[in-house]
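Visitor: I have this model open and would like to talk it through. Could you take me around?

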Amino acid sequence: MTAVPWVLVFVHSNAMLVGHVHNLLDAAGIHCEVRNMTLGGGAGELPPLECEPQVWVAAHNQQRAEQVMREALDSSGRQPEWQCAACGECLEGAFDTCWNCGARREES
């Protein structure tokens, strides 16, 4: 059996952001691993950049993973705010359902 090579696709000091990227890739069907989530305390004894949380994917998934991350983390692709037709509540573009009344966003 041959080992699948893994590549680093994301590293950040914010563990929540690393977890978010992991969830994005997982939701896209890309198997990934999170590494170094508990190495922060080792910074100083170990090189700081080696202690930051990381997301790794199989080498054959690297290009697709980078595309998923680019699309998700690029703020220029954000949806504009919208107003609920049912109750008039103003909502951020990321939401498809009104938090106030539960109505779905109407397609324009």
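Visitor: What share of the contacts with a separation of 6 or more comes from residues 24 or more positions apart?
Guide: Residues 24 or more positions apart account for 48% of those contacts in the chain, where contact means heavy atoms within 4.5 Å. This is a predicted model, in which local features need pLDDT of at least 70 and side-chain atom pairs count only at pLDDT 80 or more, while totals for chains, interfaces and linings use all residues. Residues are numbered from 1 along each chain as its sequence is written, and side-chain values use heavy atoms, with hydrogens and water left out.

Visitor: What order do the elements come in?
Guide: From the N terminus on, they run β-α-β-β-α-β-β, which gives the chain 2 helices and 5 strands. Helices (H or I, at least four residues) and strands (E, at least two) are DSSP runs, numbered from the N terminus.

Visitor: And how much of the chain is buried?
Guide: Of the 108 residues in the chain, 24% are buried. Buried means under 20% relative accessible area, exposed over 50%, and partly exposed in between, with a 1.4 Å probe and protein chains only.

Visitor: Which residues make up the largest nonpolar core?
Guide: There are 12 residues in all, namely Val9, Phe10, Val18, Val21, Leu25, Ile30, Cys32, Val55, Val57, Ala65, Val68 and Met69. Such a core is a set of buried Ala, Val, Leu, Ile, Met, Phe, Trp, Tyr and Cys residues joined through side-chain atoms within 4.5 Å. At least two residues of this core come from each of β1, α1, β3 and α2. In soluble globular proteins, nonpolar side chains tend to be buried together.

Visitor: What does Ile30 touch?
Guide: Leaving aside neighbours within four places in sequence, Ile30 is in contact with Leu25, Val57, Asn61, Arg64, Ala65 and Val68.

Visitor: Let's look at α2; which of its residues are buried?
Guide: Ala65, Val68 and Met69 are buried in α2. Seen down the helix axis, the buried residues of α2 fall within an arc of 95° (taken from the directions from the axis to the C-beta atoms), so they line one face. Their cover includes β1, α1 and β3, whereas Gln63, Arg70 and Glu71 are exposed on the other side of α2.

Visitor: How far does that helix reach?
Guide: Helix α2 (residues 62–73) has 12 residues and reaches 16 Å from its first C-alpha to its last, close to the 16 Å expected at 1.5 Å a residue; the expected span is 1.5 Å times one less than the number of residues.

Visitor: Over to Gln54: buried or exposed?
Guide: Gln54 is buried, because its relative accessible area is 8%, and it lies in strand β3 (residues 54–58). Its side chain makes a polar contact of 3.5 Å with that of Asn36 and one of 2.8 Å with that of Trp56. A polar contact is a pair of N or O atoms within 3.5 Å; within protein, one must be able to donate a hydrogen and the other to accept it, and residues adjacent in sequence count only if both atoms are side-chain atoms.

Visitor: Where is Ser13?
Guide: Ser13 is in the loop between β1 (6–11) and α1 (15–27), and Ser13 counts as exposed because its relative accessibility is 53%. Ser13 and Glu52 are 39 residues apart in sequence and 5.2 Å apart in space, C-alpha to C-alpha.

Visitor: How many disulfides are there?
Guide: A search of the whole structure finds 0 disulfides, a disulfide being a pair of cysteine sulfur atoms within 2.5 Å. Cys101 is in no disulfide, and the nearest cysteine sulfur, that of Cys84, is 3.6 Å away.
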